[in-house]
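Please read the sequence and the 3D structure shown here before going on.

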Amino acid sequence: MTTTKLLKTAGLVAVLAYASSASAQDDSQLVINGEIEMITEVATQDYIGGLKTAYSGWRFRNSDMQAMQLDDFENPAAIAVDEGLASWSKVDGSEGKSCASCHEDLEASMAGVRAVYPKWNEEAGAVMTLASQINNCRTEQMGAEAWKYDGTEMTGMEAVISLQSRGMPVNVAVDGPAHDAWLKGEEIYYTRYGQLELSCANCHEDNADNYIRADHLSQGQINGFPAFRLKTGGLVQVQNRFKGCIRDTRAETFKPGSEEFVALELYVASRGNGLSVEAPSVRP
Ligand code: HEC
Ligand code: HEC
């Protein structure tokens, strides 16, 4: 029996047991605080071969978990967001500057930024993620130490920056100078890793909406990242999530911040181009 079949069979059994759970085909709408309307379903771009419609991970969660995202007072990411907000104006490093010293108003300077990252950076001659851009400002502009790529400070800052784009459609560029990285990300997405010989696509494309044990498989979209995971009780950086998924296939994983994961992040983001930035989302 192939692994895919195994997953499908396991899925079928679990579907019967969890028949009342939310499904990607339901038509529930995510409207945050009764006013910010989220796009949780969108036709993919032609360059995404294996996927016609992109769904936010929110659509695959049960109604209790969905509800935690409807109202910011229910969203457990609030504490991490407050910490991110505090570090925006916290002076650090040899230049005696904070983020606010240069960027001033968070809302005005960061609106729309999260929606277009990862993005090509001309000066660096590379695709930069939001996290690598933030660390670049810390080391080059502030004379401060880089934050741990998927650590608490970074994740809190990413959350607070992402919030300024909440509701806006993800719109990463996949052509021009970013194209090579995008192709590399696509290749990684379809490569089978580990003892289980599973690719991202085996689970998140072939088996999305099926169950793997008790987990309702989503498409593995990243419009909700950083995401608050109820399992770990904290905000999780997107590449940390990739790491966890690869580890589940019993494979050696790439490091957060590595060229491979940056390429993968760009590619996965493009699979969800058009979905609303939803970070910080609430996930299992
Ligand atoms: C000394 C001034 C300075 C400080 C301090 C600074 N930045 Fe920047 N930042 C810049 C400049 C200049 C750019 C644009 C050029 C570039 O891409 O590096 C930028 C770009 C950015 C971008 C990308 C914006 C876009 O439109 O693509 C982000 C995100 C960012 N900074 C976040 C931060 C954060 C978070 C901090 C604090 C941890 C910070 N910056 C501190 C000067 C600064
Ligand atoms: C063995 C199956 C499996 C493989 C292979 C796998 N994942 Fe996952 N992934 C899961 C499960 C289970 C979850 C939790 C339920 C969900 O959100 O789909 C998950 C969740 C995710 C999420 C969180 C989605 C959200 O909205 O919260 C992302 C992102 C993700 N995976 C990306 C990837 C990437 C990229 C790869 C390839 C490097 C990968 N996954 C490989 C099983 C897998």
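Around ligand 2 there are 24 residues, and the closest are Gly57, Cys200, Cys203, Gly220 and Cys245. A residue counts as near a molecule or strand if its C-beta atom, placed from the backbone, lies within 6 Å of it. The largest share, five residues, comes from α10. By class, the shell around ligand 2 holds twelve nonpolar, eight polar and four charged residues. Here Ala, Val, Leu, Ile, Met, Phe, Trp, Tyr, Cys and Pro count as nonpolar, Asp, Glu, Lys and Arg as charged, and the others, Gly among them, as polar.

This is a predicted model, in which local features need pLDDT of at least 70 and side-chain atom pairs count only at pLDDT 80 or more, while totals for chains, interfaces and linings use all residues. Residues are numbered from 1 along each chain as its sequence is written, and chains are lettered from A and ligands numbered from 1 in the order in which they are written.

Ligand 1 is surrounded by 17 residues, of which the closest are Lys97, Cys99, Cys102, Cys137 and Gln141. At least two residues of its shell come from each of α4 (99–103), α6 (130–141) and α7 (152–163). The largest share is that of α6, with seven residues. Nine residues of the shell around ligand 1 are nonpolar, six are polar and two are charged.

Now consider the whole chain. It has eleven helices and eleven strands; helices (H or I, at least four residues) and strands (E, at least two) are DSSP runs, numbered from the N terminus. For 284 residues, a compact globule would have a radius of gyration near 19 Å, and the chain agrees because its value is 19 Å. This radius is taken over C-alpha atoms, and the globule rule is 2.2 Å times the number of residues to the power 0.38. The C-alpha trace spans about 60 × 40 × 35 Å along its principal axes.

How is the chain divided into domains? The assignment gives domain 1 (3–75 + 168–283) and domain 2 (78–163); such bounds come from an automatic or database domain assignment. The centres of the two domains, taken over C-alpha atoms, are 24 Å apart. In domain 1, 26 residues are in contact with 22 residues of domain 2, where contact requires C-beta atoms, placed from the backbone, to lie within 7 Å. On the side of domain 1 that touches domain 2, α10 and α11 each supply at least two residues. The element that gives the most to this side is α11, with four residues.

Next comes the interior. Of the 284 residues, 36% count as buried. A residue is buried if 20 or more other C-beta atoms, placed from the backbone, lie within 10 Å of its own, exposed if 12 or fewer, and partly exposed in between. The largest nonpolar core has 55 residues, and Ala159, Ala181, Ala263, Leu264 and Leu266 have the most contacts inside it. Such a core is a set of buried Ala, Val, Leu, Ile, Met, Phe, Trp, Tyr and Cys residues joined through C-beta atoms within 7 Å.

Finally, take Met110, in helix α5 (residues 106–110). Met110 counts as partly exposed because it has 19 C-beta neighbours inside 10 Å. Leaving aside neighbours within four places in sequence, Met110 is in contact with Ile161 and Gln164.

Key. Two residues are in contact if their C-beta atoms, placed from the backbone, lie within 7 Å.
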